[in-house]
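Please find below a short note on the structure under review.

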Amino acid sequence: MEVIFKNVSFSYNLGMSNEKKAIDNVSVFLQGNLIHGIIGPIGSGKSTMLELMNGITKPTSGEIVVGNYELTNTKSNFNFNDFRYDVGLVYQFPEKQFFCSTVEEEIAFSGKVFNPKDKSIKNKVKKALKMVGLDDSYVKRSPFSLNGGERRLVAIASILISNPKLLIMDEPTIGLDNNSKKRLMELIKNLKTRYMKTIIIVTHDVDMLYEIVDDVVVLNNGRVIKHGNKKEVFSDVQLLDKYGAPVPSVIRACSIIKERTNINLGHVKNLNNLVRTIANKCIDKKMVVANEK
Ligand code: ADP
Ligand code: MG
């Protein structure tokens, strides 16, 4: 499900005829069935952009189209109920909203909100759990008995129950330990490849993002500074630094190595691979030195 912004601006009304332009003439095309990242410093407009594409906020000017939904066209017969099925929003710390006594009720609750007459809800709960990699044994457990990572997965399942085509996530890995983070990263990749979802992630966790994302939008002061595939965007360290956008550790390390030694390590997937690459280079170097002796 693609997302199109055409010359979109949005200002918060601060009263006394003051306003804050949070999104400033943004035009982007986010292709369907890819994982997109939105990064930028605090206050750059990331959350506002999510709210605009989720229909919670209406732009001051410009056009927004999400799949077949023309959010800004007053003449289109836009159905907000259908839109809610097709677009899921995972807030920061979504598990904080839990209030039911079982995982099943927790997930079913959002399903029932969508369609109170739905009798197939139990099956849908199981399907949603399966989608996030949890088996049926979780159904009757209390959501409060789960660890942090499992709680996050249940919260995501409660969004996936309506089978959205587009999943929007605000800081999905925040507060998770390393193992839970890895599990969630696998899930996000799986949602794209196996379930054909489009995923948009706002995050400061660029180490995570670098491993799973396809395309990245960099925001600063409500404007798009750069938009392209991850290699293109993350290789421009100078630009990211200039606009206060976070840089993945592996890219930072490669950039320092290049600067100090003029050795270009090329595309390195993650920190583990970097350590391995450096180790191999050292071994090669040692062999050269030994041969020279
Ligand atoms: P980010 O998510 O990147 O931190 P936001 O989209 O939350 O950025 O905010 C963008 C800009 O809009 C910031 O300057 C912020 O101070 C301002 N802003 C956000 N929410 C409000 C609000 N409810 N009222 C007034 N200004 C706001
Ligand atoms: Mg924010």
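1. The model is predicted, and the points below should be read accordingly. The protein chain is divided into domain 1 (3-97 + 165-246) and domain 2 (248-293). Taken over C-alpha atoms, the centres of domain 1 and domain 2 are 34 Å apart. Their contact draws nine residues from domain 1 and ten residues from domain 2.

2. The largest nonpolar core comprises 54 residues. Within this core, Ile 39, Ile 107, Ile 201 and Phe 234 have the most contacts. Helix H5 (residues 148-160) supplies the largest share of the core, namely six residues. Because domain 1 (3-97 + 165-246) and domain 2 (248-293) both give residues to this core, it lies between them.

3. Leaving aside residues up to four places away in sequence, Ile 201 touches Ile 35, His 36, Gly 37, Ile 38, Met 169, Pro 172, Ile 188, Met 208, Leu 209 and Ile 212. A second, separate core has 28 residues, including Met 1, Leu 30, Leu 166 and Val 217.

4. The axes of helix H3 (residues 103-114) and helix H4 (residues 121-131) come within 9 Å and cross at roughly 110 degrees. H3 is therefore roughly perpendicular to H4.

5. On the H3 side, the residues that meet H4 are Val 103, Glu 104, Ile 107, Ala 108, Gly 111 and Lys 112. Their counterparts in H4 are Ile 121, Lys 122, Val 125, Ala 128 and Leu 129. By type, the residues of this contact of H3 with H4 are seven nonpolar, one polar and three charged.

Notes: Residues numbered from 1 in each chain as written. Chains lettered and ligands numbered in written order. Predicted model: local features only at pLDDT ≥ 70, side-chain atom pairs only at ≥ 80, totals over all residues. Heavy atoms only, no water. Axes fitted to C-alpha atoms, helices over the stretch in contact; angles between N-to-C directions. Helix = DSSP H or I, 4+ residues; strand = E, 2+ residues; numbered from the N terminus. Parallel < 35°, antiparallel > 145°, perpendicular 65-115°, else oblique. Contact = heavy atoms within 4.5 Å. Nonpolar A, V, L, I, M, F, W, Y, C, P; charged D, E, K, R; others polar. Core = buried A, V, L, I, M, F, W, Y, C linked by side-chain atoms within 4.5 Å. Buried < 20%, exposed > 50% of the residue type's maximum accessible area, 1.4 Å probe, protein only. Domains from an automatic or database assignment.
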